[in-house]
Amino acid sequence: TAQLSIMVRSALPILESLEILGEQAPNPTFRALLQDVGRNVSEGTPLSKAFAKHPETFDTIYVSLLAAGEASGDLDVMLERLASHLDFNVKLNAKIQSALLYPVIVILVALAVLTFLVTFVLPTFAEIFVQLNIVLPLPTRILLFGGDVLRHYWYVFIISGVSAWFGFRAWAKHPSNAETV
């Protein structure tokens, strides 16, 4: 977007700019996308509508600002604003991810420690209490039962966790859910 803005500002034709950008794109999928946009523009489709044909890559804000730039004759200014907007979004997402990394690590370590305690340490103490004929309180018996289930059916928990992860990712990638995540 920033490169397209510079090319438009330097009075390079849109079609030629898209061809240059398509040739320079390192990602083959994005290269094909730019070639498709260029083909649509060469057939007479407005730039914003050509980009709108790829909603998985260009959201409504992007397309709307392109349309506004086309209508006002300030396409280079709108492309520059879009580049700033995209840069801001990338930086914001990076900050959010880095801010969430520490709590995720802490939660995973806490779960690992809790799992270790419930599956290995607590049953050892339970055997001692059984030998001493001590009746354990209900919360402790529930915890022991949970540890016993975890020890015998650990694979169910792993399969469920992996399935939930892939299910969430598939749900998040669906276009109708992409804006809620």
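Asp-76 is buried, at a relative accessible area of 19% (buried means under 20% relative accessible area, exposed over 50%, partly exposed in between, with a 1.4 Å probe and protein chains only). The model is a predicted one, in which local features need pLDDT of at least 70 and side-chain atom pairs count only at pLDDT 80 or more, while totals for chains, interfaces and linings use all residues. Residues are numbered from 1 along each chain as its sequence is written, and side-chain values use heavy atoms, with hydrogens and water left out.

A salt bridge here is a side-chain nitrogen of Lys or Arg within 4 Å of a carboxyl oxygen of Asp or Glu. Under this rule there are five salt bridges, including those in the table.

| Salt bridge | Closest N and O atoms |
|---|---|
| Arg-9 with Asp-76 | 3.9 Å |
| Glu-80 with Arg-9 | 2.5 Å |
| Asp-87 with Lys-91 | 3.3 Å |

Arg-9 pairs with Asp-76. Arg-9 lies in helix α1 (residues 2-9) and Asp-76 in helix α6 (residues 75-131), so this pair ties together parts 67 residues apart in sequence. Helices (H or I, at least four residues) and strands (E, at least two) are DSSP runs, numbered from the N terminus.

Arg-9 also forms a salt bridge with Glu-80. That pair links helix α6, which holds Glu-80, to Arg-9 in helix α1, 71 residues apart. Arg-9 is partly exposed at 44% relative accessible area, and Glu-80 is partly exposed at 42%.

Asp-87 and Lys-91 form a salt bridge within helix α6, where they are four residues apart and thus separated by about one helical turn. Asp-87 is partly exposed, with a relative accessible area of 39%. Through shared partners, salt bridges join Arg-9, Asp-76 and Glu-80 into one network.
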